[in-house]
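Reader: Before the classifications are discussed, please show the sequence and the structure.

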Amino acid sequence: MRARLSDIAQQAEVSEATVSRVLNDRPGVAPETRQAVLTALDVLGYERPARLRKRSAGLVGLVVPELENPIFPAFAQVIESTLAQSGFTPVLCTQTPGGVTEDEYVEMLLDRQVSGIVFVSGLHADTAANHDRYRALIARPLPVVMINGYAPGIPAPFVSCDDREATELAVAHLVALGHRRIGLITGPDRFVPVQRRVAGFRAAVPRLAGVPESELDDLAELSLFGVEGGEAAAGRLIERGVTGIVCGSDLMALGAIRAARQRGLAVPEDVSVVGYDDSPLMAFTDPPLTTMRQPVAAMAVAAVRALVDEINGHAAPHSEYLFRPELVVRGSTAVLRQPAAAHPGATRQRPSAATLAVPA
C-alpha cells in the first residue's frame with residue numbers, strides 16, 4: 001500500500017515536507033521528529049522504505065506467559081511500540097500450556113542474537129523456579145528486564161505494580177461501603193505477586209474491618225488464575241458468608257460474579273467484587289467491573305527504557321521499581337445491603353436474563 005504523505009503528516013503531527021525528508025533519508029530532521037514519522041508509518045500499516053528498515057538497532061525478545069488474559073496483550077502492545085520508537089524490532093514469544101517453554105523461547109532468541117529480553121510475569125515471579133537461568137543470561141552478557149515479580153540475587157532491573165498496596169486499597173474501598181466479611185481470591189502462593197497480595201490482605205482486614213486474625217485463613221482462597229478458578233474459589237467464600245470479594249485478576253473477578261449469580265445473588269446488591277488489572281473491556285462487562293488498575297503504559301515504558309539503557313552500556317539500577325495501582329470504581333461494588341428480616345435464610349430468585357460478559 002502506497003503511503004500518503006498527508007495521512008502520515010497528520011498522524012505524526014508534522015508537515016508533509018518533513019515526512020518527505022524522513023522518507024528520503026535526508027538530513028535536517030530532529031531525531032525525535034524522525035522517530036515520530038517512522039512510528040506513524042507503523043501505526044498506519046505502511047511499510048517502511050528499504051533504506052530506513054536497515055536502521056533497526058537490533059532484535060529484542062518479549063516473553064509473555066499467554067494472551068488469553070487481556071492484560072498481557074496490553075503489556076505487549078505498549079512494549080512493542082516503545083521498542084520500535086527506540087529503533088528495536090520486538091520478537092513476541094507467547095507460552096501456551098503444553099507448548100514452547102520459557103527456556104526454549106530463550107534459546108530461540110539467543111540463536112537470533114537478540115540485543116536483550118523483556119520477561120513479563122515469567123519464571124522470575126515463581127519462587128519455586130530455579131533463577132540461575134537469568135543469572136546465566138546476564139553473565140553472557142545479555143541485558144534483561146523483568147516485569148511483575150521480583151527475585152533477589154538477580155542483577156537486573158525489575159518493574160512491578162505494588163500488589164500489597166493494591167489489596168489494601170481494595171479492602172479499604174469495601175470497608176468504606178460497609179463490608180466487614182471480606183474475602184480474597186488469588187492464584188498459587190508460590191508466585192511473588194500472590195504472596196504480596198496475601199500479605200496486604202492479612203494486614204488490612206484486621207486493621208480496617210476489625211476481623212480477628214484467627215478468621216483470616218477462612219477468608220482467603222488460593223486457586224488457579226482465570227474465570228474458572230475465580231468461580232470455584234468465590235463459591236467457597238460465599239458459602240462462608242462473605243459480602244465483599246477482592247480478586248487477584250479481572251478474569252477471576254468475572255468468575256466470582258458468575259458464582260454469586262449461580263447462587264441467586266445479585267452483584268453488587270448482595271456481593272461486591274473487586275478485580276485486579278483493569279484489562280481491556282472491563283468497563284463493558286455486566287456489571288462494569290470495579291478493579292485495581294495496573295499502570296501498564298508507565299510500567300512498560302520504564303521497562304523498555306531500562307533495557308535500552310542496559311543495551312547502550314548505561315547500566316540501569318538493579319533494583320525493583322514499584323508503581324502505584326489505581327482504584328477504578330464501577331458497578332460491581334456498592335454499599336452493603338442489610339438482609340431482609342422477614343425471611344431469614346431465604347435466597348433471592350435468580351435473575352432469568354442475567355448474563356456475564358466475558359471477553360473472548
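This is a predicted model: local features need pLDDT of at least 70, side-chain atom pairs count only at pLDDT 80 or more; totals for chains, interfaces and linings use all residues.

Author: Residues are numbered from 1 along each chain as its sequence is written, and side-chain values use heavy atoms, with hydrogens and water left out.

Reader: How many aromatic pairs does the rule give?

Author: The count is 2 aromatic pairs. Rings of Phe, Tyr and Trp (its six-membered ring) pair if their centres lie within 6.5 Å; planes under 30 degrees apart count as stacked, over 60 as edge-to-face and the rest as tilted.

Reader: Why is the pair of F119 and Y134 called edge-to-face?

Author: The ring centres of F119 and Y134 are 5.1 Å apart and the planes stand at 80°, so the pair is edge-to-face. F119 belongs to strand 3 (residues 116–120) and Y134 to helix 7 (residues 132–139), so the pair ties together parts that are 15 residues apart in sequence. Helices (H or I, at least four residues) and strands (E, at least two) are DSSP runs, numbered from the N terminus.

Reader: Are F119 and Y134 buried or exposed?

Author: Buried means under 20% relative accessible area, exposed over 50%, partly exposed in between (1.4 Å probe, protein chains only). F119 has a relative accessible area of 1% and is therefore buried; Y134, at 1% relative accessibility, also counts as buried.

Reader: What makes Y150 and F158 an edge-to-face pair?

Author: The centres of Y150 and F158 are 4.9 Å apart, with 75° between the planes. Y150 is partly exposed at 27% relative accessibility, whereas F158 is buried at 0%.

Reader: How do you know that the buried residues T18, V19, V22 and L23 of helix 2 lie on the same side of that helix?

Author: In helix 2 (residues 16–23), T18, V19, V22 and L23 are buried. They cover an arc of only 130° around the axis, which puts them on the same side of helix 2. The arc is that of the directions from the helix axis to the C-beta atoms.

Reader: In what sense do strand 9 and strand 10 pair?

Author: Strand 9 (residues 272–277) and strand 10 (residues 290–293) pair in the parallel sense over 4 bridges, where pairing requires that DSSP finds at least two bridges between two strands. Y276 stands opposite M292 in strand 10, and the bridge partner of M292 in strand 12 is L327.
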